[in-house]
Every structure is written in structure tokens, then in C-alpha cells.
Amino acid sequence: MKKIDRRQFITYLVGAAGAVLLTRQALASPSRSSPTSGATTLLTVKKAEPRKYRVDGSGTKPTEGTRFVMVIDAGACIGCRRCVYACKTENNIPDTISPPWIEVFQMKNEVDLTGTPSREDLKTGSTTSYTESPLPGMWYQPVQCNHCDNAPCVRVCPTGATYKTEDGFVLMDYEKCVGCRFCVVACPYSARRFNWIKPQVDQVNVNPLVPVRPVGVVEKCTFCVHRTRDGKLPRCVEVCPVGARHFGNINDPESEVAKIITDTPNFRLLEELNTQPNIRYIVRGKKYTR
Amino acid sequence: MIRRTTIDQHEESLLKPLLSAGKPYLAFCAALLLIVLWAGYAWVLQLTGGLGITAMRTPVGPAWGIYIVNFVFFASMAHGGMAISAAVHLLKAEKFKPIARMGEVLTIVSLAMAGLSIIIDMGRPDRAFNMIRFWPERVGTSPLTWDVTVIVLYLVLSLSFLWLTMRRDLARLAKRFGLRGRLYNLLLIGYKADEDKKVDRLAFWLSIAIVILIVMLSGGVIPWIFGLIPAQAGWFSAMAGPYFLTAALASSLAAVIVVAVLLRKIYHWEDYIKPETFKSLGILLGVITGFYVYLTFAEQLTANYAAPHPELAVSELLMTGELAPLYWTMIIGGFVFPVLMLVGQTLRPRLFSPTRTAIYAGVLIIAFWLKRFFIVIPSLLRPLLPFPNGSYTPTWVEWSIIAGTVAAAVLLYAIFIKVFPIVEAHKE
Amino acid sequence: MIGIIVIAVVVIPVVVLILEFVLEKPRTFRIPSLFLGSVVAQIVGVVVLMALMGALLGLLIPQ
């Protein structure tokens with residue numbers, strides 16, 4: 001008990017010191033805030049001692065004091081599915097996995113957008129097969145793995161192939177997974193996909209940072225762990241043409257996500273299930289209309 | 001002297017399965033073997049090509065299919081046999097003694113098939129050992145790990161139970177058979193004639209342990225695979241335990257009745273296994289299944305009255321949706337009718353015959369398989385987020401493998417009765 | 001933690017009953033040791049079987 005208290009105390013101390021340090025640094029020289037990526041990222045990654053961590057195939061390690069969250073502006077989303085396809089290329093998702101890791105629902109306007117789908121939507125299923133967007137009178141809601149803090153999938157896994165990291169990711173160890181699909185049925189967001197057949201990925205365009213999965217294992221959104229731990233944004237956030245997606249370190253009060261969450265009313269999907277998801281939805285932006 | 005001969009004749013008749021293997025028997029086994037080989041071929045296709053060869057899909061469609069249905073079915077079948085055996089040892093229910101071992105063997109065969117069904121369902125069965133490798137860290141949270149634990153424990157305990165209680169029979173028969181005698185001698189390691197009494201005491205205590213295990217397996221860890229998962233409407237329920245336990249007792253009792261009536265007919269053990277045995281088992285089966293019908297009603301009422309809409313969506317799929325025709329056929333023809341007939345036998349004794357009881361029990365076994373389908377699949381077809389509605393029609397590969405596991409169970413049983421005495425031949 | 005409780009509920013009665021049987025008078029150890037031996041042997045058997053089966057099935061699955 002004592003040990004945990006002390007560790008927590010140190011974490012707070014480091015976090016506070018880091019925040020002060022980074023704010024000052026950012027004020028002094030804004031160009032140094034993210035040396036690794038060309039785009040402006042809002043991550044404030046504090047350098048700390050690298051720690052031993054379970055290998056997830058990406059070879060990167062969590063950074064002390066960071067916890068990643070995503071904010072999706074469902075009011076701004078135009079349903080263009082650019083995130084879906086960019087994610088597919090980035091993460092070597094084969095065509096056999098359909099839908100890929102991200103799915104976009106087209107929902108009727110008269111039904112308020114909340115964390116719990118309406119009876120109407122549940123009964124018929126929202127349109128995921130639309131070919132034109134944005135249509136007047138329609139909402140678009142992207143869904144993917146919520147990287148829950150209280151993840152049922154992690155709980156039920158019989159081998160520990162899926163696990164929660166300190167910095168907020170729910171990740172998969174593709175070499176441990178036995179393919180029992182208990183995590184698939186335990187996920188209330190249906191965010192997990194399964195390699196029903198051996199995935200065929202274009203060898204030329206394969207992203208070397210992301211492992212190509214073997215047959216018979218479960219996979220899902222990783223919050224682009226191979227990018228985000230290096231201070232880059234997830235690919236879906238980077239490509240969004242209307243800026244509907246935001247990503248960052250919630251522990252840093254200066255980060256964009258922290259500010260959005262403080263300033264804007266937001267909701268999480270199926271909050272009542274106590275999964276404590278790490279994607280928050282807001283309805284702030286105005287959807288592009290022709 | 002005369003009395004002595006009748007006992008011997010009696011015993012000879014009980015050893016009939018061991019003494020002869022007729023042409024019908026061999027043909028039967030050959031047919032079963034063919035089905036098993038066919039299923040093996042289907043499984044090889046599935047292993048080399050991936051589970052894409054089945055109709056399971058996700059998120060549109062079910063991530064679990066009839067393999068899991070089969071797993072629940074077989075794991076539940078494992079209980080009646082041991083329950084009857086426990087009744088014999090705990091309550092001294094001598095009436096059921098002749099069918100006790102039939103039930104025990106059924107338990108072991110069913111558990112083996114339940115384990116196999118899980119392995120078949122896995123995307124990577126070659127890594128199944130990971131479940132044992134990471135057992136210490138996963139047993140804290142994963143219901144599937146609890147399942148593996150309790151099933152292995154249950155299988156091991158019932159095998160040991162069977163072995164110890166059979167030794168006295170084997171000791172008397174070892175000299176009579178050549179090849180089998182050698183196997184018997186192997187199993188009789190360290191046998192002393194005075195051990196019977198001690199074994200009876202062990203059987204008594206073990207029966208208590210097994211009764212607890214029955215509750216923990218069929219009323220515990222198996223329903224908790226479903227009942228603890230709030231992600232699926234229709235699964236998340238504290239009732240899952242009692243619900244599954246009732247189904248397990250009923251379906252396994254039905255299986256014991258079918259097996260016992262068949263063996264009784266084939267080997268003409270009419271005067272050894274009394275019809276009254278089946279009468280009381282049949283009534284018990286009727287009452288338990290009747291209770292199960294009540295639980296089903298309670299479940300569906302809850303899912304319809306003022307239910308949250310995910311629950312309602314799952315229930316509608318059964319009540320009025322695409323699964324409704326089969327569901328109502330199962331409820332009326334598969335549950336209500338046999339229950340009425342089985343319970344009616346008490347009121348109208350002339351309606352009773354062991355064969356009829358076995359037919360109703362057989363209908364119930366099929367109905368219980370379907371019921372497990374209606375528990376596992378509909379919830380998976382209606383996710384909590386508004387994905388398009390999926391549907392599920394198992395492919396020939398899945399049906400072949402299911403047929404294969406059933407055939408393998410029957411085949412194992414048929415082989416057992418040729419190798420070991422299926423009824424306790426000894427006299428007190 | 002929940003799992004430990006679940007498994008304990010399953011296993012403790014079995015252990016207690018076996019102990020009771022061993023310590024009950026007249027005390028003998030032959031049958032209990034046979035029984036426990038067979039239980040241990042079978043659990044080891046199941047573990048080995050699963051490892052073997054994994055190795056065998058691994059040959060069929062495309063890597």
C-alpha cells in the first residue's frame with residue numbers, strides 16, 4: 001500500500017514539474033515542441049527512463065505520465081471515410097477484414113446523437129453502406145476501438161494476448177492469441193475484427209512499422225501506437241479533412257483534447273456499461289453542407 | 001446349487017456386450033467411423049483455409065457459431081450420469097445402480113467432446129497450450145480459463161471415479177479375457193481384495209465433491225461465459241447460472257435414459273433394468289424440463305415487458321423475427337409436448353413404456369441443442385451499436401464437424417462397452 | 001481476484017473431502033494415493049496432450 005502511494009506521489013510530482021517545464025519550453029521556442037513530425041502535433045511527450053514493457057510488435061515503449069484519448073466531433077464529421085481508408089493502408093488491414101478497424105454510421109438527424117443508439121437505429125441498423133455524403137439531415141458517427149480503461153476484452157482473454165498499457169492503449173499480442181474470439185463477443189462496441197482467412201497484404205505497400213497479422217487471430221484499432229508513442233498523430237486524425245478528430249495526452253492540461261473536454265459537453269459510447277472508454281464524442285463543429 | 005446357476009446366468013447376460021461383437025455392431029461402428037473421418041476432412045479444410053470456411057463473421061454476423069453451441073451442449077450432457085451415480089452412492093438409490101456406470105461413461109465421453117468443440121472453434125488451435133502456459137495470470141479474470149480448469153478437473157475426477165469403482169469387476173474378469181485381460185491387469189495395479197469397502201467410502205465422498213462440481217460447472221463457469229458479458233443483450237443475466245444448470249440436468253438425464261433404454265433393448269436386460277427405473281427418471285425429466293420452460297418464459301417476459309431496446313431486439317428475433325418458426329417449433333414440439341407426455345405418464349400409467357420415455361427424451365435432447373443455439377446466436381446477431389443486421393446459416397463444414405463430434409461420442413461409447421463391463425456385474 | 005474465489009469455491013471442497021477421506025479411521029493410504037496419483041497423472045496427461053496436439057495442428061495451419 002505504502003509503495004503505491006509513494007509511486008503515485010512521484011508520478012504527480014514528475015507530472016507537475018513536466019507540465020511547468022513544457023509550458024515554459026513551449027513559450028520559449030514553439031518549434032522545438034515536436035521534432036519528430038512535420039505536422040503540428042499537440043502531444044507533449046515527456047522524456048522519461050525507458051521501461052521494460054511487453055512487446056506489441058511496434059517496439060515502442062510507453063512514456064511515463066501520458067494517457068492518450070481521442071475526441072471525435074460528430075457534428076463536424078462529413079462521413080467521407082478518409083479515416084477508414086487511411087487506417088486500412090497504415091495498419092496493413094487486408095481486404096478480407098470488412099469493415100476495417102473504423103466504421104462510420106450514417107444516422108438520421110431527428111434522432112439525437114447520444115452515446116446510446118436509438119431503437120430505430122438498432123432495429124434496422126444504421127446505414128454503413130452509403131455512397132454519398134454528407135447528405136442533408138444525416139449525422140455521421142465514426143466508431144472504433146475505444147481503448148477502454150475498464151476493458152471487458154482484456155478481462156476475458158484466456159491468454160493475456162490483449163492487454164491494457166499504462167499510457168491508455170488496449171493492444172494485441174498477435175503471437176499469444178489463440179483465436180477463441182471471447183474478446184470479440186465481450187466488446188460492446190463490436191470493435192474487434194478476426195482474421196477468418198490468411199490476410200493477403202500488398203507486399204509493396206506494406207507498412208513495416210505494423211506487423212502483418214497471421215491467420216486466426218483477433219485484431220483491432222491500436223490508436224496507431226507505432227506513431228503516437230513517437231509523438232505523431234494517429235493516421236485517422238491526420239487525414240481528417242474537416243478536423244473532426246483530435247488526439248492527445250489527457251494528463252497534460254495544455255493539450256488540445258484536455259481543453260476540449262473541459263470546455264465542451266461531451267459523451268462516451270454506451271457509458272452505462274462502465275467500460276470507461278477513451279474516445280469522447282462532441283457535437284461542436286458545423287457539418288459541411290453544399 | 002440352483003440359485004448359484006441363476007446368478008451365473010444373470011451375470012453372463014450382463015457380460016453379453018463383452019462376449020460377442022456381431023455384424024450389426026461392426027457395421028454400426030464402421031458407419032460412425034465414416035462420419036468421423038468425413039468431419040476430420042472438414043476440419044483439415046478449416047485448419048488449412050481458416051475459419052472463413054464457416055458462416056461465422058464479425059461484426060455483422062455472429063463471432064461464435066454452432067461450435068460453441070455444441071460445446072455448451074456436450075458440457076451440459078456431462079452431468080446427468082454423474083448425478084445419477086452420486087445419487088446411488090449418496091442416497092443409496094439402489095434402483096438406479098444398473099444404469100450408474102452407463103451415466104458415468106456418458107459423462108466422460110461428453111466432456112471429451114466439449115473440450116474438442118472448444119479446440120475446433122479456435123482460430124489457432126495450435127496455440128491452445130497458451131491457455132495452460134498463461135493459466136496463473138489469467139485464472140483471476142477469464143471465464144474461459146475457469147472453464148478449462150473445471151472441465152479438466154471434472155474429467156479427471158470422473159475418470160478416477162470410474163476407474164476405482166470398476167476395479168472390482170475387472171479383478172473378477174481379468175482371467176477370462178486375453179488381450180482385454182492384460183489391459184485389466186494394467187488397470188488393477190496394486191489391487192487388493194479388501195479395497196472394495198474403502199473404495200465405496202471414497203465413492204461416497206467423491207460423489208459429494210462431484211455434486212459441487214456439477215453446480216460449479218453447469219450452473220457456474222459455463223453460464224458465466226455468457227452471463228457475465230454485458231456486451232451482449234440477452235446474455236447478461238444473473239439467471240444464467242440456474243438457467244443453464246436446469247438445462248444441463250434435463251438434457252443429460254434425457255441422454256442417460258436414451259442410452260439405457262437402447263442398451264436394455266439391444267442386450268435384453270429387461271429383467272435386470274426394471275421399467276420402474278425409467279418411469280421415475282422420466283417423471284423427473286418431465287418436471288425439470290417443465291421448470292426449464294418456466295425459466296424460458298420468465299426470461300422472455302423480462303426481455304419484452306419494459307426492456308431496454310437491445311434486449312427487445314434480441315427477443316424479437318426469436319418471437320417474431322427470422323428465427324421465430326424454428327423457435328416456436330422447438331418450444332411447442334420440443335419442450336411442451338414431451339413434458340406433457342412425460343408427466344402425463346403418472347396420471348395414465350398405461351401410457352408408459354420405456355421406449356416411449358426414450359423417444360420423448362430423444363426429442364428433448366435435440367430441443368436442448370436448439371435451445372443452446374437460440375441462446376448463443378441471436379444476441380450476437382444484434383450488437384449494441386447500430387451495425388447492419390447479420391444472419392447466420394451454418395455451412396456444410398460446420399454441420400459436418402458437429403455430426404462428427406456426435407458420431408465420435410457414440411463411437412467412443414460403443415467401443416467402451418466392448419472393452420469394459422458397462423454394468424456393475426458383481427453381486428453383494 | 002474474482003477468478004481466484006471462483007476456483008477456490010470449486011477446488012476447496014474437493015481438497016477438504018479428499019483430506020477427510022485420508023484422515024478418516026481406519027486410516028489407509030493405498031486407495032487415496034492411488035486416487036491422487038491417477039488425478040495428477042491425468043492432469044499431466046492433459047497438459048502434455050494439449051502441447052502435442054498444438055505441435056501437430058501447427059503443421060496444418062499456414063504460417
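I looked up the secondary structure of chain A and got 8 helices and 9 strands. This is a predicted model, so I keep that in mind throughout. Chain A has 290 residues, and 56% of them are buried. I also checked the contacts in chain A with a separation of 6 or more: 71% of them come from residues 24 or more positions apart.

**The largest pocket**

Next I asked how much space the largest pocket holds, and the answer is about 1,200 Å³. It is lined by 42 residues, and the closest to its centre are Leu111(B), Ala112(B), Leu155(B), Val46(C) and Leu49(C). Which elements give two or more residues to the lining? I found helix 5 (97-121), helix 8 (143-173) and helix 16 (396-419) of chain B, plus helix 2 (30-58) of chain C. Helix 8 of chain B gives the most, with 12 residues. By class, I noted 36 nonpolar, 5 polar and 1 charged residue in the lining.

**A helix pair in chain B**

Where they meet, I see Leu317(B), Leu318(B) and Met319(B) from helix 13 against Ala324(B), Tyr327(B) and Trp328(B) from helix 14. That contact has 6 nonpolar residues, no polar and no charged ones.

Technical notes: Residues numbered from 1 in each chain as written. Chains lettered and ligands numbered in written order. Predicted model: local features only at pLDDT ≥ 70, side-chain atom pairs only at ≥ 80, totals over all residues. Heavy atoms only, no water. Contact = heavy atoms within 4.5 Å. Helix = DSSP H or I, 4+ residues; strand = E, 2+ residues; numbered from the N terminus. Nonpolar A, V, L, I, M, F, W, Y, C, P; charged D, E, K, R; others polar. 1 Å grid on protein atoms, 1.4 Å probe; cavity = no way out; pocket = protein on both sides within 12 Å on 5 of 7 lines; lining within 4 Å. Points joined across faces, edges and corners; volume = space filled by probe spheres on them. Buried < 20%, exposed > 50% of the residue type's maximum accessible area, 1.4 Å probe, protein only.
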